[in-house]
Amino acid sequence: MSSSYAVGIDIGGTSLKCGLVNEEGKILLSFLVPLQNARTQEEIIQLIADAINQCTLQLKKPIAGVGIGFPGLVENNVIIGGADNLPGFEELPLGIILKELTGHTIVIDNDANLMGLGELTYGAAKDCTDAVFLTVGTGIGGAIMIDKKLYGGFNNRGGELGHIIIQQNGLACTCGGRGCLEAYASVTALIDDYKSQNQFPSEEVDGRYIVEKYLNGEEYAVRAMERHFDSLAAGIASFINICSPQKVIIGGGISEAGTFYIDELRYRTKTLSIPAASIHTQIVAAKLGNQAGILGCTANVFQKLKMEHYETK
């Protein structure tokens with residue numbers, strides 16, 4: 001690998017998070033590109049290419065490549081589908097298209113996987129070889145890291161941690177299944193639970209509002225948060241029993257609510273997981289916040305290009 005710089009592009013439903021990062025994890029440049037006015041797949045692709053070029057023009061040095069985090073199913077740099085908030089992007093060879101537009105090596109993976117890789121490489125699990133990452137937000141995404149590498153199953157079709165079943169024939173989930181962890185423990189599920197009890201709240205309800213009411217002892221919020229903790233702990237215990245990771249890292253805005261949040265998950269998970277599997281596991285909050293995606297995108301570039309270098313020696 002001839003360069004120690006990479007560009008990271010974290011693609012969301014409303015914006016692109018773009019950054020230029022060195023191999024030590026220092027973000028040298030970062031900016032957002034809004035997507036509200038991009039109405040077609042082609043317009044979004046052009047914005048991605050423009051963002052890559054903006055980064056490289058400011059660096060004025062060679063880069064190792066471009067890492068992209070995409071909210072959907074990715075196989076060998078092809079977007080199979082699943083990005084519900086973006087137009088198109090089905091069976092699309094995005095890696096080839098962007099390489100033709102920019103001239104750079106492109107490495108693409110699922111955005112939640114790359115948030116996890118960012119935390120493993122530069123954040124809460126940088127001292128670990130094996131970890132599980134969960135991001136709790138509108139939905140629940142995650143990543144499994146084994147021996148310092150992302151594990152996505154055969155052809156990268158697995159790793160859907162938000163869609164393990166915690167209740168047979170349970171609540172309907174956005175994936176088309178029923179009883180998924182996401183349907184019970186996402187922030188969306190928390191808000192729905194709260195609103196089902198308190199149908200006329202005085203203000204607009206979001207996760208922050210419910211946490212505040214919970215800390216003040218409001219009965220609706222306490223009941224909703226208790227169910228949220230129980231459901232999420234059930235999922236975490238399952239991941240521990242299967243993977244026995246050194247760390248389970250919890251990300252997403254709600255994980256930053258306070259130390260009580262992680263403490264509750266630790267306590268409840270301990271009562272559910274197998275002691276032998278959990279003996280070496282710590283449950284911790286993510287450290288990188290909204291920078292995890294960009295850092296994971298670039299870590300993926302450095303990691304994969306190093307592997308190719310060693311394989312060709």
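How many salt bridges does the rule find across the interface of domain 1 and domain 2? The rule finds one, a salt bridge being a side-chain nitrogen of Lys or Arg within 4 Å of a carboxyl oxygen of Asp or Glu.

## Basis of the model

This is a predicted model, in which local features need pLDDT of at least 70 and side-chain atom pairs count only at pLDDT 80 or more, while totals for chains, interfaces and linings use all residues. Residues are numbered from 1 along each chain as its sequence is written, and side-chain values use heavy atoms, with hydrogens and water left out.

The domain assignment gives domain 1 as 5-114 + 291-312 and domain 2 as 126-286, with bounds that come from an automatic or database domain assignment. The contact (heavy atoms within 4.5 Å) takes nine residues from domain 1 and 11 residues from domain 2. Taken over C-alpha atoms, the centres of the two domains are separated by 27 Å.

Domain 1 and domain 2 bury about 920 Å² between them, 46% of it on carbon and sulfur atoms; this is the accessible area (1.4 Å probe) that two parts lose on being put together, summed over both. On the side of domain 1, Glu-75, Ala-112 and Asn-113 lose the most area to domain 2, together 50% of what that side buries. The side chains of Glu-75 and Arg-157 meet in a salt bridge at 2.7 Å, N to O. β5 (73-75) and α3 each supply at least two residues of the side of domain 1 that touches domain 2, where helices (H or I, at least four residues) and strands (E, at least two) are DSSP runs, numbered from the N terminus.

## Helix α3

Helix α3 covers residues 111-122, and its 12 residues reach 16 Å from first C-alpha to last, close to the 16 Å expected, a span defined as 1.5 Å times one less than the number of residues. Of these 12 residues, 10 are buried, which is to say under 20% relative accessible area, with exposed over 50% and partly exposed in between (1.4 Å probe, protein chains only). Among the buried residues are Ala-112 and Asn-113. At the start of α3, a side-chain oxygen of Asn-110 comes to within 2.9 Å of the backbone nitrogen of Ala-112.

## Arg-268 in helix α8

Arg-268 lies in helix α8, residues 259-270, and is buried, with a relative accessible area of 11%. Leaving aside neighbours within four places in sequence, Arg-268 is in contact with Glu-226, Phe-229, Asp-230 and Ala-233.

Definitions and conventions:
Polar contact = N/O pair within 3.5 Å; in protein donor to acceptor, adjacent residues only side chain to side chain.
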